[in-house]
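Please keep the sequence and the model in view while reading.

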Amino acid sequence: MSARAGDVEIAPEDLRHLADAQLNVELDTGDMVLNLGPQHPATHGTLRLVVRLDGERVIAADPVIGYMHRGYEKLTEFRTYPQVTTLINRIDWLSSFANEVPFIWGAEQLMEIEAPPRAVHIRTILTELSRIATFLLFLGEMGLQVGALTPPFLGFRDREHVLNLIEAATGGRFHPNFNRIGGLKDDLPWGWIGETRDTMRIVFDACNTLEDLLMGNEIFELRTRSIGIIPGELGAGYGVSGSNLRASGVDWDLRRDGTPYLAYPELDFKVWTHSDGDSYARYWVRLQETRESARMVIQLLDQLPSGPIMAKVPRIIKVPEGEVWTETENPLGQMGYYIFSKGATGPFRTKIRSASFSNVSILPWLLRGVYVPDVITILASLYFILGDIDR
Amino acid sequence: MAEDTPPVHEGDGHEGDAPDAVIPPEAPVDAEPEPEPEPAEPEERAYSEAESELLARLEGELGDAVVDHADAYGTLVVRVRPDAWRRAAEVAKTRLECDFLSFVAGMDWQPAPREGDEESSDTSAPVQPTETTFGAAGSEGRFQVFAHVESTDRHWGVTLKTDVTDAAPSVQSWVGVYPGADWHERECWEMYGFTFDGHPSLRHLYLPGEFEGHPLRKDFPLLARVVKPWPGLVDVEPMPEDGEPESSETTAGSEEPT
């Protein structure tokens with residue numbers, strides 16, 4: 001009594017084991033639904049992710065958003081233009097100043113007001129400072145998601161220096177509400193410029209330290225290289241923008257390629273891209289952009305013009321009838337406002353295009369087929385702010 | 001930081017030659033808020049080179065499906081017939097090379113109903129004109145869907161609009177062309193009640209599943225203000241220079257804290 005498998009003679013008792021093995025292969029393990037969030041450290045807020053798993057592999061992912069929906073588009077219809085800036089500070093709360101810029105720019109275009117050069121330069125400096133603050137947090141946080149505890153402390157520590165600068169100039173660490181239609185609320189305080197130069201050195205040091213700690217680290221590379229690859233063309237179709245898209249090799253930065261705004265046309269800077277499109281590339285691009293922003297701040301300080309910080313604006317701001325679309329390169333990507341005005345003191349309707357909303361909308365495609373631990377690094381590397389998704 | 005001192009620049013060594021006193025704001029004109037390649041002073045805004053090129057390509061493909069077009073501060077706005085909405089997306093993606101989807105959104109042009117209107121002292125919202133007017137490129141009726149697409153290569157963009165009927169607000173879906181339209185259309189569906197033909201799953205995005213109504217429609221009240229009047233109502237003071245606080249036009253503006 002013997003059976004043949006190929007050319008090898010197999011004893012009957014071994015055959016029984018072989019049958020068992022066969023049985024195990026065909027066993028249907030069944031799908032499992034895993035609920036990530038709404039409170040998960042990798043989600044920076046209340047994002048819920050329902051993932052369907054086959055073993056360790058994700059076969060479908062569905063982000064559930066809206067836990068923080070505040071209805072800002074509706075609320076702008078009940079506010080005057082100066083009041084709207086208070087709201088939009090809270091969209092992307094890590095770079096609030098940058099949120100104000102496109103809205104104020106739109107209102108200024110409709111009113112045909114031009115902010116004086118000094119105000120434009122200070123706006124640019126503060127926008128870049130908020131980019132540095134946002135990215136420093138990311139550069140540290142990303143380490144945490146792969147199990148490194150030192151980088152987040154460094155990131156938080158050095159971000160604080162930048163936030164101090166923003167607070168010194170505007171009075172608010174997170175919600176400056178500093179832009180006015182036609183200029184800025186205040187000029188820079190005494191000693192701020194010297195302080196900023198010193199802080200930029202801290203920023204360069206921080207970038208170098210974080211680069212030393214993570215880039216080239218075996219664990220970091222294993223967890224991020226060729227994980228979560230976004231093809232550039234598909235990313236654009238999903239509306240993924242900013243550093244995420246540049247990490248997919250799309251050489252597109254509104255500071256350089258968009259309608260000229262702020263003082264960017266006068267600056268000399270490089271747009272960084274990476275061809276890989278994976279989590280590693282997204283980290284690398286943001287690291288380079290942090291340095292680039294610090295360089296831009298130094299350039300701007302060198303060429304800061306003197307003069308007034310407010311243009312002449314009527315006491316009660318009425319914006320003439322019209323519609324305008326303004327978009328800027330914010331830390332998280334393309335941020336835009338489509339403002340419809342009917343000549344009143346408040347907007348008739350505002351469409352808020354926030355970067356994270358579109359960046360996250362690619363998740364159902366991106367997470368298909370990845371392993372559960374990679375979900376965390378992919379979420380972290382996309383870098384979104386919940387307020388920017390939910391508005 | 002005293003508000004009335006001129007913005008004297010503290011010494012950092014650089015640009016010390018600039019006079020401390022106020023320079024007339026016109027002196028060095030910077031490139032910030034003038035985005036149009038050509039000055040657009042006249043009422044009828046002229047098209048820039050990129051806009052004319054975009055329009056020519058769109059009209060070449062869509063023909064008479066292009067209903068109207070206009071320039072909105074440097075952005076081309078094109079209104080297409082509703083039955084050509086999806087075709088417009090395809091043309092934008094292929095012929096206009098606009099690979100980047102910025103957003104898809106809805107629009108309600110009807111003014112919001114107001115309780116007391118002009119005479120009331122309700123300053124909880126800026127007073128909007130009561131007659132219905134339509135923005136750039138016009139509209140057939142109350143509802144519209146508009147979207148903005150851009151080219152990452154050519155660095156241009158176009159805003160597309162189409163009309164949605166009041167009775168059966170429905171329009172073709174863009175998901176097949178731009179995958180990112182999925183969430184935007186879901187948002188638009190729950191906020192305005194428009195349906196998108198060909199959308200794989202129109203379900204709630206922001207709002208809870210049992211929510212009724214379409215919050216961004218103008219006749220949907222801001223519930224927070226219905227439940228409790230705007231608290232700022234009680235401490236509205238007339239501005240010293242505004243003179244008569246009764247002038248209904250300016251009451252809304254005077255609430256602004258400075």
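**Helix packing, sheet and interface**

In this predicted model, helix 5 (residues 117-145) of chain A packs against helix 6 (residues 150-170) of chain A at an angle of about 165°, and their axes lie 7 Å apart.

Q: Is the crossing of helix 5 of chain A and helix 6 of chain A left-handed or right-handed, and how many nonpolar residues does their contact have?
A: The crossing of helix 5 of chain A and helix 6 of chain A is left-handed. The residues of their contact include five polar and three charged ones, while the number of nonpolar residues is 17.

Q: What is the orientation of helix 1 of chain B to helix 2 of chain B?
A: Helix 1 (residues 49-62) of chain B and helix 2 (residues 85-94) of chain B pack at an angle of about 130°, with 10 Å between their axes. An angle over 145 degrees would count as roughly antiparallel and one of 65 to 115 as roughly perpendicular, so the orientation of helix 1 of chain B to helix 2 of chain B is oblique.

Q: Which residues of helix 2 of chain B make the contact with helix 1 of chain B?
A: Helix 1 of chain B passes helix 2 of chain B in a right-handed crossing. From helix 1 of chain B the contact takes B:Leu58, B:Glu61 and B:Leu62, and from helix 2 of chain B it takes B:Arg87, B:Ala88 and B:Val91.

Q: Which residue is the bridge partner of A:Val33 in strand 6 of chain A?
A: Three strands of chain A form an open sheet in the order 3-6-7 with antiparallel pairing, and its edge strands are strand 3 (32-36) and strand 7 (57-64) of chain A. Strand 3 of chain A is joined to strand 6 (residues 48-54) of chain A by five bridges. In strand 6 of chain A, A:Val33 has as its bridge partner A:Arg52.

Q: How many nonpolar residues are on the side of chain A that touches chain B?
A: The contact takes 59 residues from chain B and 71 residues from chain A. On the side of chain A that touches chain B, 21 residues are polar and 17 charged, and the number of nonpolar residues is 33.

Conventions:
Residues are numbered from 1 along each chain as its sequence is written. Chains are lettered from A and ligands numbered from 1 in the order in which they are written. This is a predicted model: local features need pLDDT of at least 70, side-chain atom pairs count only at pLDDT 80 or more; totals for chains, interfaces and linings use all residues. Two residues are in contact if their C-beta atoms, placed from the backbone, lie within 7 Å. Ala, Val, Leu, Ile, Met, Phe, Trp, Tyr, Cys and Pro count as nonpolar, Asp, Glu, Lys and Arg as charged, and the others, Gly among them, as polar. Axes are lines fitted to C-alpha atoms, for helices over the stretch in contact, and angles run from 0 to 180 degrees between N-to-C directions. Helices (H or I, at least four residues) and strands (E, at least two) are DSSP runs, numbered from the N terminus. A crossing is left-handed if the near helix is turned anticlockwise from the far one by less than a right angle, and right-handed if clockwise. Two strands pair if DSSP finds at least two bridges between them. Angles under 35 degrees count as roughly parallel, over 145 as roughly antiparallel, 65 to 115 as roughly perpendicular and the rest as oblique.
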